[in-house]
Amino acid sequence: RIHRANLVAMGVLPVVWDQDATALVQADTAIAIHGLDTLGPDARALQIVLTAPDGSQQRYPARADIASAGQIALLRDGGLFARFARRFGA
């Protein structure tokens with residue numbers, strides 16, 4: 001398991017959702033996450049949309065596992081490496 005703070009530092013959004021729904025994800029299932037544009041410390045609700053190859057969709061409530069506005073800013077920057085690359089011109 002990777003610690004949540006390390007995921008955020010790498011620019012990866014930790015998402016928590018019902019484990020029963022993970023059994024529905026296959027290699028050819030498209031996954032969309034809705035609600036990222038309104039993400040905030042007090043607005044962490046997301047919706048996972050699974051689209052099967054036949055076009056059928058299933059929707060599941062989820063939440064972003066973030067703790068602060070600083071973590072959201074870091075995610076929007078793409079993580080620590082992306083932030084440093086922009087800051088130091090790499």
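**Entry 1: terms and model**

I count as helices the DSSP runs of H or I with at least four residues, and as strands the DSSP runs of E with at least two, numbered from the N terminus. I call two strands paired if DSSP finds at least two bridges between them.

The model is predicted, so I note that local features need pLDDT of at least 70 and side-chain atom pairs count only at pLDDT 80 or more, while totals for chains, interfaces and linings use all residues. Residues are numbered from 1 along each chain as its sequence is written, and side-chain values use heavy atoms, with hydrogens and water left out.

**Entry 2: the whole chain**

I looked up the elements and found four helices and four strands in the protein chain. Along the sequence they follow the pattern α-β-α-β-β-β-α-α. I then looked up the box that the C-alpha atoms fill, and along the principal axes it is roughly 45 × 30 × 25 Å.

Next I looked up burial, where buried means under 20% relative accessible area, exposed over 50%, and partly exposed in between, with a 1.4 Å probe and protein chains only. Of the 90 residues of the protein chain, 23% count as buried.

For contacts I use heavy atoms within 4.5 Å. Among contacts between residues at least 6 apart in sequence, 47% join residues at least 24 apart.

**Entry 3: the sheet**

In what order do the four strands lie in the sheet? I read the order as β1-β4-β3-β2, in an open sheet with antiparallel pairing. β1 and β2 (30-34) stand at the edges with a single partner strand each, so one side of each has no neighbour in the sheet. The twist from one strand to the next averages 35 degrees. Here axes are lines fitted to C-alpha atoms, for helices over the stretch in contact, and angles run from 0 to 180 degrees between N-to-C directions.

I went through the pairs in turn. Strand β1 (residues 15-17) is joined to strand β4 (residues 57-64) by three bridges, and the two run antiparallel. In this pair, Val16 stands opposite Arg63 of β4.

Strand β3 (residues 45-51) also runs antiparallel to β4, and seven bridges join them. I found Leu50 opposite Gln58 and Val49 opposite Arg59. The hairpin of β3 and β4 has five residues between the strands, and in this hairpin Gly55 takes a positive phi near 95 degrees.

β2 pairs with β3 over five bridges, again in the antiparallel sense. Ile31 has Leu50 of β3 as its bridge partner, and His34 has Gln47 of β3.

**Entry 4: a residue in β4**

Is Ala64 buried or exposed? Ala64 lies in strand β4, and its relative accessibility is 0%, so I count Ala64 as buried. Leaving aside neighbours within four places in sequence, I list Leu13, Pro14, Leu39, Arg44 and Leu46 as the contacts of Ala64. I also looked up Val25, which is 39 residues from Ala64 in sequence and 19 Å away in space, C-alpha to C-alpha.

**Entry 5: a loop residue**

Gln26 lies in the loop between α2 (19-22) and β2. Its relative accessible area is 48%, so I count Gln26 as partly exposed. Gln26 and Val8 are 18 residues apart along the chain, and 25 Å separate their C-alpha atoms.

I started with Gln71, which is found in helix α3 (residues 69-77). At 14% relative accessibility, Gln71 counts as buried. Not counting residues up to four places away in sequence, Gln71 touches Arg4, Val8 and Ile66. Val8 was also in my distance entry with Gln26.

At what angle do α3 and α4 pack? The angle between α3 and helix α4 (residues 80-88) is about 70 degrees, and their axes are 7 Å apart. That makes α3 roughly perpendicular to α4, where under 35 degrees counts as roughly parallel, over 145 as roughly antiparallel, 65 to 115 as roughly perpendicular and the rest as oblique.

The crossing of α3 and α4 is left-handed, meaning that the near helix is turned anticlockwise from the far one by less than a right angle (clockwise would be right-handed). On the α3 side I list Ala73, Leu74 and Asp77 in the contact, and on the α4 side Leu80, Ala82, Arg83 and Arg86. These residues divide into four nonpolar, no polar and three charged. For that I count Ala, Val, Leu, Ile, Met, Phe, Trp, Tyr, Cys and Pro as nonpolar, Asp, Glu, Lys and Arg as charged, and the others, Gly among them, as polar.
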